[in-house]
Every structure is written in structure tokens, then in C-alpha cells.
Amino acid sequence: MADKRIFAQHFLMPMSLCRILLIIVVMVAGICDARGINRYMVVADSVSRMPLARASVFNYKGTFIGTSSMDGSIRCGSTDDFPLLIRYMGYFEKKVADADADTVFLSENITELPEVVVEAKDKKMLHVVAYMREYSSLSSYTDTVSMYREKVVDFMLPGPEKTKYKGWRLARVLDSHSYYQFMDGYGLDSVSDRCNHHFSWSDWMGLAPAQPLPAVLKAGINGVDTIGSKYGAAEIWNKNNDRVTIDIDVLADSTCRRWVPDMAYFLGREDVDFEKFMLRLNYGNPSGDGVTPLDLAGFSCSIESRGRGRQMFMFNREDKPFFVASYIEVYILDKRYISVRDAKKMEKQRSHPDAFAMTRSADIPELQAGTLALIDRVRNIDTDMVRQSKAPNLRMKSNHLTNRNFTVGNRVLNVFKNLTGISEYKFNKNTENTWKEFRDKSKKINNGRSANSENSTRKE
């Protein structure tokens, strides 16, 4: 009887309230549409009819354009964005053809989680392999760099038995493919498989550490628990039989930073202003009274920031800001316990050329048409033609190409400089001088532009 009371108190009541909220939102959406105001649609579960907060929305190009609000509503933007793709981790994605739909129902995707393989008698280290997708953009007031990146990564975490070897919690890349699109206000639209600006947030997204279940969810099979903060809901826990889903607003409360300990370094910096940081974790068959990396089935993350904690050399003016937006999806492919000895051997393997073969049998959503078009454009680049069409810089040509004695002597001298550290010192000194010269030159140019604009204003 106690379990039934807890179920009714913490699951049925929120579900009823959510249904009422869903009806109100849909009615308001219809009224707004009749008055010619921006219209809204609501994302909801197809069975419980409960609104789904923070569902990811992509336009027809495959560009991530936002998430649903806490009541599941999505503001219908420009008709040029349609058809939209609604994606919610743990559910089948759905395409919305036009803005006439009031409610978009998503069906839960119940998949079999990868079994944990035990290769050693002692459960010293947990090795996790995952597939990661990232949609990111780096933009200023005039220029935009869009990126789609897919990679296979792995993590090495200490198991239940104590060990001095700690492995690695951040994602280590086994294989990766990147696709970039460059645009500016003058009509530039070019693509490439490389970029000099590193603005990805995915490198700092590790596996969330183990956390205890709220007391409300320990008692029953199903339940919902919301942990509030001064600025709204910080964490929403949802338990459905053997599955647990957690939606986290990392910026809502400082305690939420425990889910992303490696990002805490950036959250405290003055040169990075986070405007949005949402995290969604999916766990299956949680063991005990908490959730652990062993139970993790996948997670998604949405981050928007002003700045990146480092300067983007040759991208923006020094006195102008730049903005970074990232949407990341991670799907767990394999989990297994191995010995410390095998873990140390695996640490030396920096890459794995056949890593993407593991994704063929995984239940991963297909890419949107716009993303596939970008991949096709990048893969069709004739790199040999691009390289050969660029005139070589003759200033880099050596004057001693035919002098064998000079070549041998120069090699010996280079070895001596490397051993004594002279080369490293000269490199660091030259880099520092180059940066100083570039900053001084940029300031002079910007000051000249400001002076010219002031003079023209006075004349007018």
C-alpha cells in the first residue's frame, strides 16, 4: 500500500498536472495564431501525453536551432526552417512538415543496452566506448563557422575495486571526421574538412560521476522528482520501471556542476559567459540506490556561450565578441571490465582506424538531409587540385639544397639544439613576438578606423 501511495503522489499527480498544462499551452497556441502572433507547438509523449522539456530542434539543413521550453512548447520560427526535425534522446525522432501542427507526439525508443563484458576476474577498470555527434558554430557579428563532427571515443574509469591507476574520464578520440562550412556577410559559402579555430566543447564533456537517487524515487518503480533552485527547476528526475532520465540545467544552481566536473574550470572564468547549459542523461537498469557510469545509455548536451576561454586568432576583431553554440549527442556502444594491465596497454593505443565499424550495428538516428549534403560537399573536394593551384612561397626555399655537407652539418646542429632546449626557447620567443606584433598592428588599425568614423560624424 505504501508503494501505491508513493506512486500516486509522485507520478499520477504530476502526470495529471502535465496533461492540464499541455491542454492550456495548445489552447494558447491556437489563440495566438488567430491573432496573428507567433505560433507555438508542443512536444509530448505519445503514451502519457506529458510535455517533453528540452527536446532538440533542427531545421531542414540539419542545423541545431534550439530546444523546447520547460512546458514542451516550441516557438515556430521562420517558414524557411521547415520541415523541422524534433529529436529527444530515448525517443524516436519525428519530422514536422509545417507549422500547422499543434502537438508533436514522440514515441519512446526502447532499445537493448549493451551488456557489460567482464574480461578480468578483478573489476579494476571500466572501459566505455561511445559514438559522439556534435553540431557547433563559431560566430561573430559578420562571420560564421558551422561544424558537424562525428567521432568514436572511449573512457577508462576505475571500477568498484580500489586501484591507484585512474585511467581517463574525458573523451579520448579513437577516430574522427569533421566537416566545416564558412560563411560571412559578403556571401562567402565554402566548406572544408579542417579549420584553424578550435571551438568545440565536446572535448570537455566526460562521463557524469555516480550520484544517489532522490529518496522519492528509491521507494517506487515509477516516479518524478524535481529539484528546484532560486531561478527555477535545476534537476528533473524521471523514473520509469528500469529506466531513469535526468534533465539538468547546469546554470540554475552551483550544485549542478557536480555532473560536469571538468567544465567547472570554464564556469568560473571571467572571459566566458555561459548563456545556456542543458544536460540530459539516460540510464538503464540502475543498480543499487544511485546511477553510475556503468548504467549510462547515452546523454545529450546543449551549450551556448559568449567566448571560449581562449582567443580565436585571425577570426574576430580584438574589441568584438564571438559566440559559440554546441549541441552534443553521445551513444554508448560498448562497456567492459578489464584489468589494470590491459588498461595501461590500451592507453598507449592513440587511434583506432576501424573504430567507426562499431557504429553500424548501433541504434543511432540517421543524419538530416542538410548534414548529408555538407558531408558530400566536403568529401568531393579535390584536395590535390587545391594544393597544386596554390603558388609556393619561394621565400621558404633553402639556399643550400645542393650542398650535401651543409645538410649533414645542419642536421647535427638541429639535434644539438633539440637536446639543449635552444629550439624550444627560440620557438616560444618567436611566437610571443609574433602575437605582440599582431596585437599592436590590430590595435593601430582599429584606432584608425575609430578616428575616421568620429571625424566623418563631426563633418555630418
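Modeller: We will go through the salt bridges of this predicted model, pair by pair.

Biologist: What can side chains of opposite charge do when their charged atoms come close?

Modeller: They can pair.

Biologist: How many salt bridges does the structure hold?

Modeller: It holds 13. Take one of them: the side chains of Glu 329 and Arg 87 meet at 3.2 Å, N to O. Glu 329 sits in strand E20 and Arg 87 in strand E5, so this pair ties together parts 242 residues apart in sequence.

Biologist: Is Glu 329 buried or exposed?

Modeller: Glu 329 is buried, at a relative accessible area of 1%. Arg 87 counts as buried too, with 3% relative accessibility; the cut-off for buried is under 20%.

Biologist: Which residue forms a salt bridge with Arg 258?

Modeller: Glu 235 does, and the closest N and O atoms are 2.9 Å apart. Arg 258 lies in the loop between strand E16 and helix H3, while Glu 235 lies in strand E15. The two are 23 residues apart. Arg 258 counts as partly exposed at 31% relative accessibility. Glu 235, at 2%, counts as buried.

Biologist: Where do Asp 247 and Arg 280 lie?

Modeller: Asp 247 is in strand E16 and Arg 280 in strand E17. They form a salt bridge, with the closest N and O atoms 3.1 Å apart. The pair therefore ties together parts 33 residues apart in sequence. Both Asp 247 and Arg 280 are buried.

Biologist: Which residues do salt bridges that share partners join into one network?

Modeller: Arg 87, Glu 93 and Glu 329.

Technical notes:
Residues are numbered from 1 along each chain as its sequence is written. This is a predicted model: local features need pLDDT of at least 70, side-chain atom pairs count only at pLDDT 80 or more; totals for chains, interfaces and linings use all residues. Side-chain values use heavy atoms; hydrogens and water are left out. A salt bridge is a side-chain nitrogen of Lys or Arg within 4 Å of a carboxyl oxygen of Asp or Glu. Helices (H or I, at least four residues) and strands (E, at least two) are DSSP runs, numbered from the N terminus. Buried means under 20% relative accessible area, exposed over 50%, partly exposed in between (1.4 Å probe, protein chains only).
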